[in-house]
Amino acid sequence: MHIGLIGLGKMGFNMRERLRSAGIEVTGFDRNPEVTDAASLDELVAALPVPRTVWVMVPAGTITDSVITELAGKLEAGDLVIDGGNSKFTEDQRHQAVLADRGIGFIDVGVSGGVWGLANGYALMAGGTADHVQAVLPVFDALRPEGPREESFVHVGDVGAGHYAKMVHNGIEYGLMQAYAEGYELLEAKGIVKDVPGTFRAWQKGTVVRSWLLDLMVKALQEDPGLTRVAGYVEDSGEGRWTVEEAIANEVPAPAITSALFARFASRQDDSPAMKMVAALRNQFGGHAVRRPAESPRAKGSPA
């Protein structure tokens, strides 16, 4: 089998290598001349056997829109486009419609595995018709970890379902990371605990909170005890926001995920106006002392 792969960044590059190691022929295209196989999209399309399969692995939003629109003008009826980026599920129906006007198929795939996917494989959540998914099953099998297919791959439903499942996956990830992070801060804050990294290491086997995220937490503390090389500023990819929006739209309570998202927003404020007001109100109604800006732990360079 021979496919095209557009986007050879941190994940796309490793996906190309994993596919090739499994015997899938891959022609990749990237704007970076050091990693690309084809000099242009036209060259990539010309290199693929008909019917063509092109996997798009570029940042969600305008870049994905641009690539899919361009592919719609270059591919032919019977070809298939797979979007493996983190597109919002509502965009999938629009992309499907653009391609369907030219007789081109579309699958959306949520991909989880990050930079470890090359060695460990990727968990995959596909949305699309059964015929389209079946046609590229060898590609999914090459990318996923070894073992039973149902443990790392699912055909979730129609177009949009793959990215919806990945969105919820990432929302859960927000909550899990926040819980581990809060536990870390609490352990560090109490002087009675003399070995915080060792505490997390001891949780890696046998406990109910063991997970790959816990393993990565232990690794991070081994590489940088005290996290002195990390600023307390956390970005969000957008999928946490979309998860909260969907929870609201469907009247599903999601307090853990919502709190985790808001905690990321709080991390970006050196001196939160809201927290200033809370301190001022406590002083007003209860005479509670307030710290001057120069006295705050954050102003002195303490962790957020």
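The structure is a predicted model, in which local features need pLDDT of at least 70, side-chain atom pairs count only at pLDDT 80 or more, and totals for chains, interfaces and linings use all residues. Residues are numbered from 1 along each chain as its sequence is written, and side-chain values use heavy atoms, with hydrogens and water left out.

The protein chain contains 13 helices and 7 strands; helices (H or I, at least four residues) and strands (E, at least two) are DSSP runs, numbered from the N terminus. Along the principal axes, the C-alpha atoms fill a box of roughly 75 × 40 × 40 Å. Of the 304 residues in the chain, 39% are buried, where buried means under 20% relative accessible area, exposed over 50%, and partly exposed in between (1.4 Å probe, protein chains only). Among contacts (heavy atoms within 4.5 Å) with a separation of 6 or more, 63% join residues 24 or more positions apart. The chain exposes about 16700 Å², of which carbon and sulfur atoms supply 56%; accessible areas come from the Shrake-Rupley method with a 1.4 Å probe, and for residues only the protein chains shown count as cover.

The chain carries 29 positive and 39 negative side chains, and the centres of the two sets lie 9 Å apart. Lys and Arg count as positive and Asp and Glu as negative, while His and the chain ends are not counted; the place of a charge is taken as NZ of Lys, CZ of Arg, CG of Asp or CD of Glu.

Side chains of opposite charge can pair when their charged atoms come close. A salt bridge is defined as a side-chain nitrogen of Lys or Arg within 4 Å of a carboxyl oxygen of Asp or Glu, and the count by this rule comes to 18. One of these joins lysine 74 to aspartate 42, with an N to O distance of 2.7 Å. Lysine 74 lies in the loop between helix H3 (62–72) and strand S4 (80–83), and aspartate 42 lies in helix H2 (residues 41–47), so the pair ties together parts that are 32 residues apart in sequence. Both residues are partly exposed, lysine 74 at 26% relative accessibility and aspartate 42 at 47%.

In a further salt bridge, the closest N and O atoms of arginine 149 and aspartate 141 are 2.8 Å apart. Aspartate 141 is partly exposed at 25% relative accessibility, and arginine 149 is partly exposed at 34%. Aspartate 236 and arginine 241 also form a salt bridge, with 2.7 Å between the closest N and O atoms. Here aspartate 236 is buried, at 14% relative accessible area, whereas arginine 241 is partly exposed, at 36%. Finally, a network of salt bridges links Arg16, Glu17, Arg20 and Asp37.
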